[in-house]
Amino acid sequence: MKFMRLGTRPDTFYTGEATRTMISDLPSDLSICINNVTYLLHNFPLVQKCGLLQQLCSEREDTTSVTVELHDIPGGADGFELCAKFCYGIKIDLSARNFVRAICAAKFMQMTESVGKGNFISKLEVFFNSCILEGWKDSVLALQTTERFPEWSENLGIIRSCIDCIVDKILTPPSQVRWSFRYTRQGYEKKKHHKSAPKDWWTEDIADLNVDLFRCVINTVKSINMLPPQLIGEALHVYACRWLSDVRPHPETSTASQMNQEEEPAKRKKRLEMIVSLLPDERGSVSVGFLLRLLNMGNLLDASQVIRSQIIKKCSLQLGEATLDDLMLPSSQDYSADRHIYNIELVEVVLEGYIAQWRKTYSRDANSLNLITKVGNLVDSYLNVVSMDPNMSVPKVVSLAKALPDFARPKHDKLYKAVNIYLTEHPQMSKEEKKHLCSILDCQKLSAEARAHAVKNEKLPLRTVVQVLFFENEKHGSKATKGHESRQSVIQSQGGELAETTEDYLNRLELGSGEQSAKAKVARRISGPSSTSQRSESGHKSKGKKVRETGSDKVREIMEEETTQELAHVRMQRSKSEHGRRKGK
């Protein structure tokens, strides 16, 4: 940072209560009141340099002691004191930190060359053009200080000059960067020798600017169209990490803190909406993980629907590039560290947008199916993680699982694993909840290993186990299956109305007195005739185990027996009805 020292006399200003006084042998004849501070000074050195004081003092009849109120001076008391010390010749150090305050106050006091040669404004302008605008950090810092005096800085052209200088340096080739900059990327400082600066060397320094100034810099850079969109996206990412790293409310106690807590979400919301509005249109300019975090922050900060829709659209276009870590976003409903509730609704919304875009853009060829299958694997991996959440509800899991089209999930092994994890982590589930959860499984898409595990899985409902056994039988083309299909065709050809399907059979199993009674019924039929003593010694658990350990041929025999009984029942009903009609005649 560069400095400019003016004046040679030592600082003789001192403070007594709310009064600043200049130590001198001469009595004070000029009082300057600025807000709650009063300066007791001397007419001669100040009026000689300040055109405003010349005008105000000339209007007063009593020139022995003049009191002037300057409550609206830009820069306040600190800005005026820099001007006053310059008039007295007291030593002052100017830098990018106090330059804006000093030049705004000097302009207000009309310290121009027409009032006095070598006046304050001319010296400040020389320092600004030759020192501040020549340096990178000085330009950024000076622009940052204009936040306190936006109107004066805009009218004096300070903002535009700083932005032009900053943009010019941003566009400088990295190999020609010779000034210092802040760059805290991991691993960068360990490299001692750098042939050139990183391409994004400028992103961290401008991240200190407020929303409006940062927007002006980025818009100016984009308008020149000399940087790739990935660099613009990186600058937005750094800015978001600087200002939106934590969107959770903090518990506060004091009134001032509560006021700040109320104002802070509004400021963060404004920054978020600014970042979204500046996102480049080019796909891949920012990562999908960054977009998903922006979307999650938008939900937490209650951003407008337009802003959220823009983020969802961009997320949907790049969902195929996402990783599992990108989807691990906390829900706004719970902030406790030991009870993470993942934002599964957000993932589902993005997934639906991706599927809609996929249907519009791609056809069902091999390459297109590979893209959506990759997303399907990602969603199933995500379901494996969120199923471990003790607070995750069954409808949320089912809704996300069913949002994926059938052709995007050729295998159901990962989905079965997610179901098994959920059943393990939620042992108190009701029978209906288990049935609802297992409805997302397609037993035909399970591998042989998954089917073997499912048959022995006591956490699964009986309906699912029998369904797995049935499709296992169909997989191997057993003779029992063919016999069952022929009997079904006989019933249909004779006009029967009980062409039994697997669904009918499973539903009838559940019409008894609960799942355990159905398991016992199937277990007795599969195990065959046994002695009374053996049946009395076996309980619910052993019967359920027999169901899972018995081969699929036994299950087929049970279904054939049921079919035969139904056929006999139909024929008996028909004979009775025919006998009744004959008797009536």
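This is a predicted model: local features need pLDDT of at least 70, side-chain atom pairs count only at pLDDT 80 or more; totals for chains, interfaces and linings use all residues.
Let me begin with strand 4, where both faces are covered: Leu30, Ile32 and Ile34 are buried on one side, and Ser31 and Cys33 are buried on the other. Strand 4 covers residues 30-34, and because 5 of its 5 residues are buried, the strand is largely enclosed by the rest of the structure.

Which strands pair with strand 4? One is strand 5, residues 37-41, which runs antiparallel to strand 4 over 5 bridges, and the two form a hairpin with 2 residues between them, where Asn35 in the turn has a positive phi of about 55 degrees. Another is strand 6, residues 66-69, which pairs with strand 4 in the parallel sense over 4 bridges.

From here we can turn to the largest nonpolar core, which has 157 residues, and in which Ile32, Leu41, Phe80, Met109, Met111, Phe120 and Val217 touch the most other members. Helix 4, residues 99-109, gives the most to this core, with 9 residues. If we leave aside residues up to four places away in sequence, the contacts of Leu41 include Ile32, Phe80, Phe13, Met22 and Tyr88.

Finally, please look at helix 18, residues 394-403, whose buried residues are Val394, Val397, Val398, Leu400, Ala401 and Ala403. What covers these buried residues includes helix 16 (344-361), helix 17 (366-386), helix 19 (413-425) and helix 20 (431-438).

How values were computed: Residues are numbered from 1 along each chain as its sequence is written. Side-chain values use heavy atoms; hydrogens and water are left out. A nonpolar core is a set of buried Ala, Val, Leu, Ile, Met, Phe, Trp, Tyr and Cys residues joined through side-chain atoms within 4.5 Å. Buried means under 20% relative accessible area, exposed over 50%, partly exposed in between (1.4 Å probe, protein chains only). Contact means heavy atoms within 4.5 Å. Two strands pair if DSSP finds at least two bridges between them.
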